[in-house]
Amino acid sequence: MNNAVAFDIYGTLIDTQAVLARLTELLGDKAPAVSRSWRQKQLEYSFRRGLMRDYCDFSVCTRQALVFACREHSVAIGEEAIELAMQAYADLDAFPDVLAGLQALRSRGTRLYAFSNGSREAVERLLKRAAIRDCFEAVVSVEEVHSFKPDPQVYAHLVRSCDVPAAQVYLVSANPFDILGAAHAGLRTAWLRRDPGTPFDPWGVEPEITLESLRDIARRLPAGD
C-alpha cells in the first residue's frame with residue numbers, strides 16, 4: 001500500500017510573502033517588525049487556545065495577533081486596514097516548486113492530503129486559487145476536532161482521515177513544531193527547510209527526511225511499505 005502524504009499549507013505549500021507586501025502598503029517601514037510579531041503571536045495564540053481547550057477559528061487567532069503586533073510596535077491600525085491585511089491571507093500563491101512536487105507524487109499513486117490549522121473553507125479557497133486543489137484527495141482541518149497543532153489529537157484526526165496506520169502517513173511541513181508534533185504522534189516526517197538559515201529545535205528528535213525543495217520529494221520519499 002502506498003504511503004499517504006499530508007502537507008502543511010501556510011509557509012510550506014503557500015508563500016506568505018504577499019502578506020508582508022500588503023503590510024508594507026499599510027504600515028510602511030514598520031511592516032517587517034509587525035509581520036514577525038504577527039506570525040509569532042498567531043502561533044502562540046493557537047498554542048494557548050489548544051492548551052486551554054478554548055478553540056476558535058484560526059482567523060480569530062490571526063486577527064488578534066495582528067492587533068497585538070501593531071500595539072507592540074506602536075502602530076495605529078483601523079478596522080479597514082485590519083480587513084485589508086487579513087484579506088492578504090486569501091490572496092496567496094503557491095511556491096514555484098509545489099505543483100511539480102505534488103504531481104510527481106500523484107503520478108505514482110500516492111494519496112495526498114492538505115492538513116492545516118485553517119478552516120476547511122479557507123484552505124479549500126486558497127488551494128483553488130493556487131490551482132493545486134485537484135492534487136489532493138481531501139482537506140483535513142483542525143476545526144473538526146476543535147484544537148490546533150501540535151495537539152496529538154489533531155494528528156490522530158489526520159491519521160483517521162487517511163485511513164492507514166500512523167507509520168504509513170508522512171507529514172511534510174516547513175514548521176519544526178509541526179514536525180515534532182507529528183513525530184510525537186507516531187507519524188513519519190519530512191521537514192521542508194525553505195530557509196537554509198532556519199535551525200531545527202534541539203529536542204533530540206530529528207525529521208526522517210530534510211528537503212530543500214519539493215521538486216525532490218518523489219525521489220526522497222519511499223513509495224510505500
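Is the crossing of helix 1 and helix 4 left-handed or right-handed? The crossing is right-handed. This is a predicted model.

**Helix 1 against helix 4**

- Helix 1 spans residues 17–27, and helix 4 spans residues 79–87.
- Their axes come within 9 Å and cross at roughly 160 degrees.
- Helix 1 is therefore roughly antiparallel to helix 4, since angles over 145 degrees count as roughly antiparallel.
- Helix 1 makes the contact through Arg22, Leu23 and Leu26.
- Helix 4 answers with Ala81, Leu84, Ala85 and Gln87.
- By class, the residues of this contact are five nonpolar, one polar and one charged.

**The cavity**

- The count is one cavity of 30 Å³ or more.
- The largest cavity has a volume of about 90 Å³.
- Its lining includes Asp8, Ile9 and Tyr10, together with Arg39, Leu43 and Phe58.
- Ser116, Asn117, Lys149, Asn175, Phe177 and Asp178 also line the largest cavity.
- Two elements give two or more residues to this lining: helix 2 (31–52) and helix 8 (176–184).
- The lining of the largest cavity has five nonpolar, three polar and four charged residues.

**The largest pocket**

- The largest pocket has a volume of about 870 Å³.
- It is lined by 27 residues.
- Closest to the centre of the largest pocket are Gly11, Thr16, Gln17, Arg39 and Asn175.
- Arg39 and Asn175 also belong to the lining of the largest cavity.
- At least two lining residues of the largest pocket come from each of helix 1, helix 2, helix 8 and strand 7 (188–192).
- Helix 2 has the largest share of this lining, with six residues.
- The lining of the largest pocket divides into 13 nonpolar, seven polar and seven charged residues.

**The second largest pocket**

- The second largest pocket holds about 350 Å³ of space.
- Its lining consists of 17 residues.
- Nearest the centre of the second largest pocket lie Ser59, Met86, Tyr89, Ala122 and Arg125.
- Helix 3 (58–72), helix 4 and helix 6 (120–129) each supply at least two residues of this lining.
- Helix 3 gives the most to the lining of the second largest pocket, with five residues.
- Helix 4, which contributes to this pocket, is also the partner of helix 1 in the right-handed crossing.
- By class, the lining of the second largest pocket has seven nonpolar, six polar and four charged residues.

**Backbone features**

- Lys149 and Pro150 are joined by a cis peptide bond, with omega about 5 degrees.
- Pro150 sits in the loop between strand 5 (138–141) and helix 7 (152–162).
- Lys149, the partner of Pro150 in the cis bond, is one of the residues that line the largest cavity.
- Ser74 has a positive phi of about 55 degrees, although it is not a glycine.
- Ser74 lies in the loop between helix 3 and helix 4.
- Helix 3 and helix 4, the elements on either side of that loop, both supply residues to the lining of the second largest pocket.

Terms used:
Residues are numbered from 1 along each chain as its sequence is written. This is a predicted model: local features need pLDDT of at least 70, side-chain atom pairs count only at pLDDT 80 or more; totals for chains, interfaces and linings use all residues. Side-chain values use heavy atoms; hydrogens and water are left out. On a 1 Å grid over the protein atoms alone, a cavity is a set of points where a 1.4 Å probe fits but cannot get out, and a pocket is an open set with protein on both sides within 12 Å along at least five of seven lines; lining residues have an atom within 4 Å of a point. Grid points are joined across faces, edges and corners, and a volume is the space filled by probe spheres set on the points. Helices (H or I, at least four residues) and strands (E, at least two) are DSSP runs, numbered from the N terminus. Ala, Val, Leu, Ile, Met, Phe, Trp, Tyr, Cys and Pro count as nonpolar, Asp, Glu, Lys and Arg as charged, and the others, Gly among them, as polar. Axes are lines fitted to C-alpha atoms, for helices over the stretch in contact, and angles run from 0 to 180 degrees between N-to-C directions. Angles under 35 degrees count as roughly parallel, over 145 as roughly antiparallel, 65 to 115 as roughly perpendicular and the rest as oblique. A crossing is left-handed if the near helix is turned anticlockwise from the far one by less than a right angle, and right-handed if clockwise. Contact means heavy atoms within 4.5 Å.
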